[in-house]
Amino acid sequence: MNYSLYFHIPFCVHRCAYCDFNTYAGQEASIPAYVEALGREVEFVGQNFPAGNQVHTIFFGGGTPSLLSPAQFDSIFRSIHKHFPLTNDAEITIEANPGTVHLEQLQALYAIGINRLSFGVQSANGEELRMLERAHDFFDVLDAVHWARTAGFDNFNLDLIYGLPEQTLGTWQTTVERILGLHPDHISAYALTLEHGTPFGRWTARGLLPLPDPDLAAEMYEWASEAFDAAGYLQYEISNWALDHPPSIIAPQSSIVNHQSSIINRKS
Ligand code: SF4
């Protein structure tokens, strides 16, 4: 049987206004200790890995995994290779914030064995990115994609969010067209959800930010779905499209660990 591993990296340079993920800003000093703990956990979990099986996907999500240095990834991979047999074509993905990568770093990550990137783009519109309090602009996305290809990555995902307050169908269409122009292998498009306890949740509750229009969000979804389809992307799940075929997906039933620590099933 093939298994999947998920590593959660709960660090971000800034907490985006809509985000309720388990992640922390301003805690970078804790990253070395966290990486060491991951190494110990890999060893602990690896001892119980059923003989004769292999790992075929590894996903580093967050948070912002690209905040870890190549040396820190190298240290985690040494533990993984020591304790888990990987398939020859194992897909190894890290999520990355376009504002936190550079060419030399991506070259080093590729050399370590990471072969897929997932960039959190969210929008190609500067005002929307500022409203979301993202730590990047669309020029960072263009640089990140260019550097990824230069470094050797031929498999990457771009994440988008639609249904934003004050977003128009026109700005969404521009985002979709710009994303398609980058020819990613995979696109994820998620409807914004207003989460309790986030600045977005508070601002909309107090009337400081208009609620997203659900009918308009549905129109955005349908428009994007048709545009992705016309561009040759196969929709294999409500929020996900892949160029030729669905990527290897982390299947909860085949993951070997399901608890609150670092190597867990991916929830979404
Ligand atoms: S970069 Fe992603 S995980 Fe980090 S705060 Fe923003 S949305 Fe949340």
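Me: What is the bridge partner of Gln-122 in β7?

Reply: Leu-160 is the bridge partner of Gln-122 in β7. Keep in mind that this is a predicted model, where local features need pLDDT of at least 70, side-chain atom pairs count only at pLDDT 80 or more, and totals for chains, interfaces and linings use all residues. Residues are numbered from 1 along each chain as its sequence is written.

Me: What makes β6 and β7 a pair?

Reply: Two strands pair if DSSP finds at least two bridges between them. β6 (residues 116–122) and β7 (residues 156–162) have five bridges, in the parallel sense, so they pair by that rule. Strands themselves are DSSP runs (E, at least two residues), helices are runs too (H or I, at least four), and both are numbered from the N terminus.

Me: Why are β1 and β9 called edge strands?

Reply: The open sheet has eight strands in the order β1-β4-β5-β6-β7-β8-β10-β9, with mixed pairing. β1 (2–9) and β9 (234–237) each pair on one side only.

Me: And Phe-153, why does that residue count as partly exposed?

Reply: Buried takes 20 or more other C-beta atoms within 10 Å of a residue's own, exposed takes 12 or fewer, and partly exposed is in between, with C-beta atoms placed from the backbone. Phe-153 has 19 such neighbours, so it counts as partly exposed. Phe-153 lies in the loop between α5 (138–151) and β7.

Me: Which residues is Phe-153 in contact with, leaving aside neighbours within four places in sequence?

Reply: Leu-106, Tyr-110, Asn-115, Leu-117 and Ala-148. Contact here takes C-beta atoms, placed from the backbone, within 7 Å.

Definitions and conventions
Contact = placed C-beta atoms within 7 Å.
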